[in-house]
Amino acid sequence: MPGTAPKLSIMNVGHHSTNTWVVSVGRSRLLADLGWWGHIGLLEADLKRKDIPLKEITHGFATHYHGDHAGAAQDLKNRGMKLIVTPEQLPHIEGLKRVAKPADHYTEISLHDNLVVPIAESRALLKSLGFDGAFVHTPGHSDDSISLVLDSGEAFTGDLTMPMMVGNEDAAVVERSWDLLREAGATQVYPGHGPVRPL
Ligand SMILES: [Zn+2]
């Protein structure tokens, strides 16, 4: 039926200065970043307030495996979400366990039940979930950093350092990642921290 294609919507359900994006096309929903460890209760409350049923969030991914972006991954899995992981990220998941302190209330991420998707196959997977776009490997902040770029231009970039802000990072690696995002058609940056901005 013409004119009834579900529209893309993007909502932020993040806390404590870290963004957590619910990307929706109709009732197809994907979580881009997964929230702080120990904060699943806050995340659930926020979803409820925004009228987003948690059970509709069937899939999610972390832009990288730091506690504020992937800390609640297992809590979400335990509530029915499938975790999408790229091969670049696999060796980094266990690092979370090593840096988490007892007070963080981190739930360890199990490794046997995730959806491991090579970057080259991400477009087909996302299409099957109702989204037109692909993952891009964007190291710079961390080696396991990936971004999601939708065909409509929105790029979920996690903590990829802005070129002007490069400190300890390798500037050439950061620059290359931004180039890759532009080549993938990114026009709007939905970062892990701070407001949406044009690319
Ligand atoms: Zn980070």
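Helix α1 spans residues 40-49 of this predicted model, and its residues I40, L43 and L47 are buried. These three cover an arc of only 60 degrees around the axis, which places them on the same side of α1. The buried residues of α1 pack against α3, residues 73-78. On the other side of α1, G41, K48 and R49 are exposed. Just after the helix, D51 adopts a positive phi of about 60 degrees.

The sheet is the next element to consider. Six strands form an open sheet in the order β1-β2-β3-β4-β5-β6, with mixed pairing. Strands β1 (8-12) and β6 (115-116) stand at the edges, and each has a single partner strand, so one side of each is left without a neighbour in the sheet. Within this arrangement, β2 (residues 21-25) and β3 (residues 28-32) pair in the antiparallel sense over 5 bridges. One of the residues involved is V23, whose bridge partner in β3 is L30.

Strand β2 also contains W21. Is this residue buried or exposed? A residue is buried if 20 or more other C-beta atoms lie within 10 Å of its own; W21 has 23 C-beta neighbours inside 10 Å and therefore counts as buried. When residues up to four places away in sequence are left out, W21 touches I10, N12, A32, D33, F156 and Y190. A further distance relates W21 to S9: the two residues are 12 apart along the chain, and their C-alpha atoms are separated by 10.0 Å.

D33, one of the residues that W21 touches, lies in the loop between β3 and α1. Its backbone has a positive phi of about 80 degrees, although D33 is not a glycine. With 31 C-beta neighbours inside 10 Å, D33 counts as buried.

Methods: Residues are numbered from 1 along each chain as its sequence is written. This is a predicted model: local features need pLDDT of at least 70, side-chain atom pairs count only at pLDDT 80 or more; totals for chains, interfaces and linings use all residues. Two strands pair if DSSP finds at least two bridges between them. Helices (H or I, at least four residues) and strands (E, at least two) are DSSP runs, numbered from the N terminus. A residue is buried if 20 or more other C-beta atoms lie within 10 Å of its own, exposed if 12 or fewer, and partly exposed in between; C-beta atoms are placed from the backbone. The arc is that of the directions from the helix axis to the C-beta atoms. Two residues are in contact if their C-beta atoms, placed from the backbone, lie within 7 Å.
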